[in-house]
Structure formats: structure tokens, C-alpha cells
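Here is a short briefing on a protein chain. Look over the sequence and the structure first, then read the points below.

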Amino acid sequence: MVARASKRPRSSPSGDVEETFGRGSIRRVVMHNFMTYTDCWFSPGSHLNLLIGPNGSGKSTIVCALCIGLAASPKLLGRADNVKDFVKRGERNGWVEVHVQKSEDKVVTIKRTLCKESNSSSWLIDGRNAGLRQVQDLVKDLNVQIENLCQFLPQDKVVSFAKLSPEELLRETERAISTSAEGDDSLYQRHCRLIDQQSESASLTKLIQTRRQKLEFLEAQRADIERDVEKVKRKKKLEEEREWAQKKLKWVEYNECKEVYLECKAALVSAKEKHKEKEKAYKQRERECNKQEREVGKLEGKAKEALAEVKKKTGALTKAQGKTENLFQQTDVIEREMNSFSSEKKRHEQSIRAVEQELDRAVRELEHWQERDRRGESDFNSGHQAELDQVKQRLQETHEDHVACRRSLDKAKREAAKQKLILEKIGHKLNSFTDDAAQRINAVQRHSPHMRIVAAKQWINQNQNRLRGRVYGPLAAEVQIPNDQNAIYLENQVPQWCWQSFVTSYPEDRDLLQRELNSNRRYNINFMYTPSSGPLPHPHGNATDYASLDIKHTLDETFEAPAVVKNALKDVGAINLAYIGTSYTQTQIEQAAQRNITPQWRTTRIGQLWTPESKYTKLKSRYDGFESLRTSAVRPSRFLVQGGGQGGAQQAQEKAQLQRQEQDLQRQEQENGQAIRELEQRMAQLDSDLNRLNSKKKELSDLKNKTKKKINQCQVLVNQRTRELKTLKKKSYTREEEEKLAADRLQSIQDQARSVVACVSAFASLADRHFASVPVHMEHEVAKDRVNALRSGLRHEKDTVNEAANLVDAVQEEFHRNKERLAKSKKEAEEAQKLTDEAKAKFDAFPTNRDELEEAIIDLESKIKSLMITDPNILDEYNDILAKIEDLGKKLAGEIEDFENYESNRKKQEEAWLAPLQEVVARVSEKFAMLFADLGFAGEVRLMPSDGGYDKYRLEIHVKFHDKDDLQILTSTVQSGGGGGG
């Protein structure tokens, strides 16, 4: 630690140096199971403390304990990234305890406990639990700046300290001697404020100079445009006169609209009077027409009565005509029945004769075949009978052979089914030995009894429909890796917990499994989410780039797995960054070590290399780039390579026995199959023989029964024709039926004659009634024509009334339009200018006639256009320039005053910062010179001012290691008395 200047040793009355510790001093450090120490403590003094010892004795461990115990990041040391790496090898926990002086009579204790398994820390402040933030705030309050190289300089940071520029060294020194109590009043904060003020002062100076230049430019611009202002004023006067003339034009237009409005109003009154006269005449004509229509109504009643009598007579005539027509139709029907009766009688007689002839032929043929049967004449002889008996005998023997063969075939098939079932059981058992996925799941479950992996796998398979995508896992069962050695590399590369995990490609699936299996069922399964992506990249190069090292693959290229699984293994185990070597690669590394040279693989970008015996890993410091090498042994596989360990020999023996049984059963299955095929061929031959013998038997039987069959056919035909003949003879056509039809025809003709006489009488009555109604209809028609003429005149009168009404509507609409136009014109005139006394006086200067007024406006516009003004906004621009000059002058005066006050304040702050800083640097230089003098060297610390600004002030350390040398600045190349660069 760098002690402040006020921490001086005080002498006791006895003459000894009294220990005086300032705020933030380290009083005691205690370590347990920390790095190389099991238990260790030390209490530093209040001044310079030296730790002396050979390499590996633990000096750096004490420096690490200070850094870890005071809540600094482990990365600051450049040794490890995780706190678990600071626990002593073989131990699970360790702790560091640091006692720090807080005040003159109080020492605060900070204790940090490190857990190796969880890579976590816990904190105590004076025995009470605390958090990381509380510890960091306490360390900051004590002004302990672990990240400041002027206060804390680890071994790995010496080069970084030497590389600090003089300006950086000054600022770090100011920070180191500043305390939290000083706050914004520390030397470091004063220096920062001066740097900021220097930049602000330069900006303010530049702003004042810019404003002055702008003010001079505006003054010159004002002088240039003054001669155009008078012309603009004359133009504005003419524009004002034109505006008044245009306002008067609005009132002139209003007066014209008013005259048109009054004329339209008079026309509307005249149109309404004419409409009233036309409507009166129309009503008089309408009353006369209604009277005539009533007369027409009376005549129409008489005409309707006459028409009803005519219709009644017409109905009677129509009825008589209909009856006559029906009688004519009835006569036609009777005549058709008589013709049909004669035709059917002839056809019936012909059918009887035809059936009698067919019956006679059938009886003669039946007698012929019966006579032949009695004489024994037949085509079937004794030779045919012997052949039929022989066929029946062979048919019986073949059928017996067929039944016996069927029984043998069924028995052979049952035996084959039993053998197949036994083979399937043996196959399932052998598959259980060769199913790598099942064995790996069982292996993972054995090593993790607290996790219900098999049950989780079954639940996922049963509930796949609830998941959005596929779930992979455990990951040990998802990889297919043919080479056992590569499987060992892969299992060593990836942490054990990852092989027991399940991975999803959708976050909602991970949340569902976490809730169902862990929260609800407590399966204790680890679930990961990894989005699917393309092939894995190889940022350190492809394996083929290192063929000279006998490297052929990266670790991700040695196995097959779904893309989601490979991405998960990449994220956890960086499998795309690990390369696989061979025994040749191992030999190259060993030979390089024997010759004490750098192996070839370390000159490449490869960070992780596997060989059959070891894993090599490059480690690089994040601060100074220092590279180291870690070598670890290859552990045997527990998950991915199966068949080894306890029970392996017994399993192999059982597998061999099952394979022998399988071979025996397969041989028996082949023999039984051959026998079944032979029996099936025998069955096919017997079926063919049975079909052939049955056909021969049917052929001989048909020949034997040919005569009897023919007799039966003839007998059936005789019976059919006999029944047809009986049916035909039952139906008869008699003379009585024919005479009855003739009588009906005669009666129908007589009825027709009587009906015709009735029709003639009805027609005569209708004619008399029709002639009587003609005068009534004629009188009615004349009255109707007279009414129609009156109606036509009435419609003409109605059209005249409508025309008068339309004229009223048109004039009224025009009246309303003129009224609206008048109101609008008055509104526009009043909006342009109210008719005040002042306005009337202005209007008197212009003509009252509209045409003359418009000519006056045109004359004014021509005068305005004659004034050629290049910039119409010149007057506004002139006034704007005057306003800007006034405003800019005020701002410039204020900024000059602010700048003078700002500079005065800056000089005061410079004095408040520079004087104490020079005093501190002088004291530091004095002590530094004394220390170097005690060592036989010379040295001093100088504060170097600069005209370039406060950020250019620097702190230089000048040293001299030989009397013949001059003082020179301590840099990364001038570090010791060795004369050379370090």
C-alpha cells in the first residue's frame, strides 16, 4: 500500500519508533485453504514491508489474498477467472480475512469464504453477513484502490505500470493520495475540473471571436441596403392606396347586388299573383268535369245490366255447345270399341291355332324319346360305366392324400410360427445389448440417482403433443459416435451435468418441462434452451489446415447428432474449438519437450488439443497477453463407451449364448421352410388332380343321363303349351257383345241431334238480347267521349297552373340566391372594411362607378410594378438586421464579462490545485531520493508543467544507477542498474 505523507513514524519516550497506522492501512491478513497455504497469517508494519523468499514459497499468494479479500476481481491478478481456482487443491472451501484500519481506534474485519463446488463467495464484515456491494463501498470509503497501480501493483502488472505515460502517472498518483472524505475537493477532482474548464475556456474564447466577426458583418450589410429602403416605403404607400380601392370595390359590388335583389323581389310578387288566377280557373273547370262524370256513371250502370243479360245468354249457348261436343266424342269412342272388338277376335283365333300346332309337335317328340328309352337305345355303354367306376376310385384315393398333406402342412406352419416367436424374443434381447442409447440412459441414471431421467424421458414421449418442438435428451443418448477413443475425448470435453440434461429448441417447451417435471413432480432434471442454427463454425481454422500435425478432425466432426444438440454442446463445451491428434502428434510434443523447444502446435491458433494420453490447453492472460499451458490426463468414459467395467464379462457370455441359440433356430427355420414349400407343392398337385377327376366324372355322368334329360325337357314343353291353350280358350268373343255396341252407337247419334236443336234455339235468344243492348252502349260511349274531352281540357289547365307554380318556385329560388349573394357581398365588404367615417373619407378619393374604380386599381398596380425592387423583403430584412445588431451587441458584452469572471475563477482553482500538488510531489521526491540514496543510487520525482494545457502536466521519475550516468526518466526500458532494457 502507498501510505500518505501524513503517516510519519513517531518516537516513543524510550527512543523506539512507534507504530502509527493511517486510515486504510492493512493490519492483518489471515488465510485458510487458500492457494498454497492451509493456514497462514501475517501482520504488516506501518511503513515499508518486504516479503522475501525463493520462487514458489507463496509470496504471490499473499498478494492474491489482499486482492481477493478486498473484493477486487480475480481477473486483475491475471492468474484465474474464477474464485474457485483460489481454493487449495483437494479442499472444498477456503477463506481470506483482512483487517483494515478504519479510524485511530477502530479496525474493521472483512472475511471472504470461497466455495469451490458452486464457484461462489460469502462475506462477513466484523462477523456480520454482508453483500459484495457493501464490501466494495467499505473498501472505497477506506480509499483502498486495488485497481490503481500506484496503490496495488501485482507482479503481473509491473510492465503495465512501467508503460504508464507521465501524464497517466500524475493522474493515478492524484487518485491514490485522494480520500473519499475529500470528495470533489481532492487533488484528482480539482485536476479533472481544470482540464474540463480549459476546454470550456477555449470554446468561450472562440465563441466571442465568432460573435465579433458576425457583428462587423451585420453592420456592413445594414449600410448596403439602406438606399433601397426608401423605394420600398413608396411602394408600400401605393399598395395601401390599392388596398383601399379594392375595399371600396367590395362595397360597390354590394350595391349592385342590392339592386338585383330588389328587382327579383318585385318579380316574385307578380309571379305569385298570376299563379293564383290560373289556379282559380282550373277549379271552375274541374267542378264541371265532375258533374259530367256522374252522368256517365248512371249510363255505365245500364250498360252493365244489358251486358250481363248478353253474358247470361252466351253462357247458355256455350253449355249447349259443350253438351253437343261431348255427345260427338262419345259416339267416336263407341265406334273405336266396335273396330277393336273385331280385330282382337281375329288375333285370338290365330293364337289358338298356333298353340295347338306347337302342342302337337311337342307330343310327337315326347313319344319318340319315350319309345327309344323303352327299346334301350342310348349313347352310354358298359365301357363308359367301367371308366366312371375307375374315376370314382381314384377320386377317393386322391382326396385321402389331400387331407393327409393338409394336416402335415398345418403342423409344419405351427412349428415355424413357434420358432419365429422365439427368434423375435432372442432378437429383442440382443438388441438391448447393442442399443447404445438405452445403455447410455441407464448409465446416466446410475451415476445420477437423485435425477429421474428415465421417468422424464417416458413423460416426454407420452406428452409430445403438448410440446411445440422436439425435445432431445439426455444428451448422452443423442450422439452417435463410432470411435470409442473419440467418445472418450468428447465426454472429457463436455461437463458431466450436460450429458444428464435435456435440450429444447423453443423456450416455451423448456418452461413447460421445468414446471411439469421439476416443480410438480420433482424429477430434478436440468433443461436447456438452444435455438437451431446452421453448421458449427471453426474460428481457429479447419482441421485440414493442420495436416502436418496429423490432425484430421475437430471434435464436433467425429460424431453425428441433431443440430440443436451440437449447438448445445458447442455452447457448453466448445467442441468446435477442440482438435484431435494422434499418437504421432503426442510423439511430436514429447520430442519438442526433450529438446526444450516450443512444440509446433503451440505456434498455431489451436487452443485445445486432444491426444490419446493428454489434453493440452492454452491459457492467455487478459491483461498482459502472457500465455501458459495446462496439461490434463484423459479420464475413462462413464457414459458414451459401454460394455466395460463390472458385469461386462457376464454380459458378453450371455450375448454369445443367445447368438448360438439364434443360429440354431435360424438353421431349423430354414429346414422347416423347405419342408413347407415341398408340402405346398404336393398340395397344389393334388388340387390339380382332384379338379381333373371331377371334370371327368361330370362328363361321364352327363352322357349316362342324356336320354332321361331329353324326355324331361319334352314333357315340360308339352305341359307349358297345354296351359297356354286352356288360358286362350277361357276368353270368348260373343255375338251379343257386338250387337250391344251397335245399339249404344245408335242411341248416341239420336242424343246428338236433340243437342244440336237446343244450340240453335240458344243462339237465336242471344242475338235478340244483343241487338236490344246496342243503343244503351252507344249512349254510354258518347257520354264517355264528352267526359274525356273535358278531362283533356282540365289537364291542359293543370299544366298551366303547374307552369305558373314552377315560375313562382324559379323566381323564389333566384330571390333566395340573390338574397344570399347580397348577404355574402355585405359580409365580404364589412370584412374588408367597416363603413366608418374614416372609411367613407378614404372612399371619397376614388370613383363611385365600378368600371372607373377597376381602372384606378389597374393604374395603381402598374405604378407598383414600375417600382423595380429586387428583394421584396428588403424592409423586413433591414429591420431584422437592426434587431440582430442590437441583440448581438448585448450578448457579446455579457459573454466578455462572463469570460473575464470565468478566467479569474480558473486561476484561483489553478492555485488551489497546483500549490498543494507541488508540495506533495516535493515530499514524495524527497523520500524517493532518500530511499535511492540508501540503496546507493540517485533519484527524484518531478512535476513537469506545460503550456499546452492542464492535461499535459506530467509526473516524471528520474533515476541514476551509476555515478558516471546522468539522471534519466524511469521507463519500461530503463528499469534497473543492469544497463539494458527489461
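Two strands count as paired if DSSP finds at least two bridges between them. The model is predicted.

**Strand pair**
- Strand β17 spans residues 938–944, and strand β18 spans residues 954–960.
- The two strands, β17 and β18, run antiparallel and pair over 7 bridges.
- M944 has R954 of β18 as its bridge partner.
- Side chains alternate along β17. G939, V941 and L943 point to one face and are buried.

**Nonpolar cores**
- The largest nonpolar core holds 46 residues. L490, W499 and L569 have the most contacts inside it.
- Helix α9 (residues 453–462) supplies the largest share of this core, with 5 residues.

**Around W499**
- Leaving out residues up to four places away in sequence, W499 touches V444, P474, L475, A476, V479 and L490, among others.
- The list of W499 contacts also includes E491, V494, L569, F639 and L640.

**Loop residue R522**
- R522 sits in the loop between α12 (507–520) and β11 (527–529).
- Is R522 buried or exposed? R522 is exposed because its relative accessible area is 63%, and the cut-off for exposed is over 50%.
- R522 and R452 are 70 residues apart along the chain. Their C-alpha atoms are separated by 8.6 Å.

How values were computed:
Residues are numbered from 1 along each chain as its sequence is written. This is a predicted model: local features need pLDDT of at least 70, side-chain atom pairs count only at pLDDT 80 or more; totals for chains, interfaces and linings use all residues. Side-chain values use heavy atoms; hydrogens and water are left out. A nonpolar core is a set of buried Ala, Val, Leu, Ile, Met, Phe, Trp, Tyr and Cys residues joined through side-chain atoms within 4.5 Å. Buried means under 20% relative accessible area, exposed over 50%, partly exposed in between (1.4 Å probe, protein chains only). Helices (H or I, at least four residues) and strands (E, at least two) are DSSP runs, numbered from the N terminus. Contact means heavy atoms within 4.5 Å.
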